[in-house]
Amino acid sequence: RHRAPSLDRTAATHTLPLMSPLPTRAEIEAATPAINAIVPPTPQYSWPLLNARTGCELWVKHENHTALGSFKMRGLLVYLARLAERSPEVRGVIAATRGNHGQAVAFAARRHGLTATIVVPRGNSVEKNRAMRALGAELIEHGDDFQAALEHSRALAATRALHPVPSFHADLVLGNAVSALDFLQHAPALDRVYVPIGLGSGICAMLAARDALGLPTKIIGVVSANAPGIALSFAARELRTHPATTRIADGLACSTPNADALAHILRGVERIVPVSDDEVEAGMRAYFSDTHNVAEGAAGAGLAAVLQERTSVAGQRIGVVFTGGNIDAPVFAK
């Protein structure tokens with residue numbers, strides 16, 4: 001197993017719970033028509049300039065081409081549809097986010113006639129905050145990182161009688177698996193797929209799709225070296241926490257991994273590749289140079305990992321998930 005950088009291994013450890021099952025092919029296909037009616041399937045392209053840069057046949061799943069510019073929408077549509085069925089008394093929801101999850105919560109909440117309250121850390125993306133407000137969310141800034149925002153959202157859920165929407169849940173995985181299945185069915189047979197990891201719904205969706213189709217494709221997780229909680233947990237095979245200090249990959253800035261997601265990752269992911277902030281920024285520049293697509297940090301991380309492993313991917317057919325394109329213009333320009 002690839003081991004993460006030697007960081008603070010005295011951080012907290014936790015026992016992993018039993019996993020909730022990943023969705024089956026029948027479940028993913030049953031959910032697909034309703035989701036595709038709202039979020040059309042995104043394209044996958046193999047760009048000649050990226051192929052030359054990486055030395056492989058690289059297929060990019062463009063989740064930045066959804067109406068909200070990220071992959072999060074499908075999972076929230078499934079989650080809130082099922083919430084409406086099992087808890088029709090719910091009138092409002094609350095979530096913590098660095099941006100893309102919050103936009104998807106606000107989008108799906110509006111479709112179900114629910115109020116949406118979103119808690120973000122101070123200093124969060126100005127343009128993501130503006131987008132969440134435009135979708136009808138009440139935005140609250142609290143704390144210096146995602147974990148502080150998450151804990152505050154949980155407290156507000158109790159005092160305001162709001163339903164707390166998690167960042168990882170089986171319903172989120174199911175919705176996201178619709179796109180993962182589409183990728184693996186419509187791209188040529190892939191040797192590996194590189195998937196950035198925040199709290200894990202995207203990579204667990206890819207695992208579900210790979211297993212549903214019975215493919216031998218290796219799933220490689222990508223994390224920020226400056227947010228190494230998942231990498232440390234993967235190496236130790238138990239949950240480890242670590243502060244997240246990445247300056248660019250805010251979608252990967254999770255200090256505390258989700259235990260359920262980690263259990264699936266330990267079972268089905270080949271290995272974890274940590275990438276530095278400099279490598280992430282190089283990946284973002286490469287995407288713009290070679291495809292004219294604007295990548296946020298988390299999306300740049302996937303390509304950064306492929307470039308880091310250029311020798312081992314040479315001559316292979318590789319997939320990478322372009323998770324989103326929501327980045328403030330001044331940050332991208334810099």
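The structure, which is a predicted model, holds zero disulfides.

Student: What makes Cys 204 a cysteine that is in no disulfide?

Tutor: A disulfide needs a pair of cysteine sulfur atoms within 2.5 Å, whereas the nearest cysteine sulfur to that of Cys 204, belonging to Cys 254, is 13 Å away, and therefore Cys 204 is in no disulfide.

Student: Why is Cys 204 called buried?

Tutor: Buried means under 20% relative accessible area, and Cys 204 has 0% relative accessibility, so Cys 204 counts as buried. Cys 56, with a relative accessible area of 5%, is buried because that value too is under 20%.

Student: How do you know that the span of helix α8 agrees with what its number of residues should give?

Tutor: At 1.5 Å a residue, the 13 residues of α8, numbered 201-213, should span 18 Å, and because the end C-alpha atoms are 18 Å apart, the two values agree.

Student: What makes α8 mostly covered?

Tutor: Ten of the 13 residues of α8 are buried, among them Ile 203, Met 206 and Leu 207, and the buried residues pack against several elements, including α1 (25-38), α7 (170-186) and β9 (218-224).

Student: Why is Ala 161 called exposed?

Tutor: Exposed means over 50% relative accessible area, and Ala 161, at 67%, therefore counts as exposed; Ala 161 is found in the loop between α6 (146-160) and β7 (163-164).

Student: How do you know that His 292 is exposed or buried?

Tutor: The relative accessibility of His 292 is 62%, which is over 50%, so His 292 counts as exposed. His 292 lies in the loop between α11 (277-291) and α12 (297-308), and phi of His 292 is near 60°, a positive value in a residue other than glycine.

Technical notes
Residues numbered from 1 in each chain as written. Predicted model: local features only at pLDDT ≥ 70, side-chain atom pairs only at ≥ 80, totals over all residues. Heavy atoms only, no water. Helix = DSSP H or I, 4+ residues; strand = E, 2+ residues; numbered from the N terminus. Expected span 1.5 Å × (residues − 1). Buried < 20%, exposed > 50% of the residue type's maximum accessible area, 1.4 Å probe, protein only. Contact = heavy atoms within 4.5 Å.
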